[in-house]
Amino acid sequence: MSDPRVGFISLGCPKALVDSEQIITRLRTEGYQVSPTYQDADLVVVNTCGFIDAAVEESLDSIGEALAENGKVIVTGCLGARAEEIRERHPKVLSITGAHATEEVVSAVHKHLPPAHNPYMDLVPPQGIKLTPDHYAYLKISEGCNHRCTFCIIPSMRGDLVSRPIDDVLLEAEHLANAGVKELLVVSQDTSAYGLDLKYQSRDWKGQLINTRFYDLAKALGDLDIWVRMHYVYPYPHVDNVIPLMAEGKVLPYLDIPFQHANSRILKLMKRPAAAENNLERIQAWRAVCPDITLRSTFIVGFPGETEQEFEELLQFLTEAQMDRVGCFAYSAVKGAVANNLPDLATNNYLFSIQVNSILEKEQPTLARHFH
C-alpha cells in the first residue's frame with residue numbers, strides 16, 4: 001500500500017506559513033507524503049488568508065481550483081473563521097477550521113485520508129492499545145460532569161463536562177470496528193448529556209454534518225454494524241428518542257441507567273437530574289416501543305434522612321419495574337460529599353441493603369435474554 005499523499009496551498013502572512021509548516025511536519029511524521037500537484041494528491045489542504053478583500057477572493061478562488069482539479073479539499077486558516085461564507089461558495093469542502101488549528105487539520109486529514117498502517121514498522125495499531133479482550137472495547141465520549149449529586153465527589157476530581165467532538169468519537173469507533181471489535185461500550189460520567197458543553201455543535205463526518213448529541217451519536221454508531229451498548233445514561237426526557245433505534249436494531253436494546261432511588265424527596269436531596277420524572281411510566285413506555293429492552297440500574301439505600309416509608313416506596317418501585325439487572329449499595333459517607341452534612345445520617349443502611357438484595361432475589365425474574 002502506497003503512502004497517502006497530501007497537496008498543500010499556503011496563502012497569506014508568515015504566521016500562516018508557520019502554521020502550514022507545523023501541519024506538514026505532523027503529517028510527514030505520520031507517513032504522509034506531500035504532493036506538488038493536484039493530480040498526484042489524494043487530498044488538498046488550503047491554508048487561507050482573510051485579511052483584506054483581495055486576499056479573501058484569492059483564498060476562495062484557490063479553494064475552487066483545488067476542488068475542480070482534485071475534488072477533496074480541507075480548508076484552514078484565517079478565512080476559516082467565516083465558514084458560512086466559504087460553504088456558500090464551495091459547499092463540497094470536506095472540513096473548515098480557523099487559524100492555528102494544527103490538531104483539527106490533522107484530525108480532518110485522518111478522517112478523510114487515513115494514514116497507511118505498516119504492521120512491520122508501526123509500534124501502535126490504528127485503534128490504539130486496548131486492555132480489553134479483542135471482541136469488545138470501551139468508547140469514552142466525554143469527561144467530567146456538570147451535576148453536583150450530593151453523594152458524589154467525582155466533579156471535584158474530574159471537573160465539569162467536557163465532550164469529545166462527535167467526529168473524533170466516530171473516527172475512533174470506526175478504527176475499533178475495522179480492528180475487529182464486535183461490541184462498543186459507550187461510557188462517560190453522564191452519557192445522555194453528551195455535547196451539552198459544545199452546544200451540540202455540528203461536525204463534518206464523511207461529507208455530512210452531524211450534531212454532537214446523544215441521539216445523533218447513537219444513530220451514527222449504529223451504522224458501524226457492530227453492537228453498541230449505552231452505559232451511564234441519566235433519565236433525561238430526550239433519552240426516549242433513542243429507544244426506537246433499539247427497536248430497529250441500530251443499537252443494543254440495553255440501558256444502564258442509574259436511577260438511585262424512587263422517592264422524589266430523596267432524589268431531590270441527592271440533587272439527581274430528572275428527579276421529577278415518573279420513571280415507572282417511562283420504563284413502561286420504553287418497553288412498549290422496544291419489548292426486548294434490558295434495563296440495568298443502581299440504587300442507594302440508607303441515604304441521610306431516608307425514612308422507612310421512603311425505603312418501602314423504593315422496594316415497591318423495584319417490584320413494579322421488574323428491571324433485569326440491579327445493584328443496591330448502602331450509602332457511603334465518602335469524604336467531601338455534601339450529603340454527609342444532611343441530618344439523620346442512617347446507621348442501618350447496611351441492613352437496608354441486605355433487605356433490598358433479598359427482595360431482588362425473590363422478585364426479579366430469571367431472564368433468558370440475548371443481551372445482559
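Predicted model: local features only at pLDDT ≥ 70, side-chain atom pairs only at ≥ 80, totals over all residues.
1. Arg-229 sits in strand S12. With a relative accessible area of 7%, Arg-229 counts as buried, because the cut-off for that is under 20%.

2. Strand S12 (227-230) also turns up around helix H7, as part of what covers the buried residues of that helix. The cover also includes strands S6 (136-140), S9 (183-187) and S11 (208-211), plus helices H6 (166-178) and H8 (243-247).

3. How much of H7 is buried? Of the 9 residues in this helix (residues 214-222), 7 are buried, so H7 is largely enclosed by the rest of the structure. If you want to click through them, the buried ones are Phe-214, Asp-216, Leu-217, Ala-218, Ala-220, Leu-221 and Gly-222.

4. Now over to strand S1 (residues 5-10), which pairs with S2 (residues 33-35) in the parallel sense, over 3 bridges. To get your bearings, look for Arg-5, which has Gln-33 of S2 standing opposite. Between S1 and S2 the chain passes through helix H1 (residues 14-29), giving a right-handed β-α-β crossover.

5. S1 has strand S3 (residues 43-48) as a partner too: the two run parallel and are joined by 5 bridges.

Conventions:
Residues numbered from 1 in each chain as written. Heavy atoms only, no water. Pairing = 2+ DSSP bridges. Helix = DSSP H or I, 4+ residues; strand = E, 2+ residues; numbered from the N terminus. Right-handed = clockwise from strand over helix to strand, strands pointing away. Buried < 20%, exposed > 50% of the residue type's maximum accessible area, 1.4 Å probe, protein only. Contact = heavy atoms within 4.5 Å.
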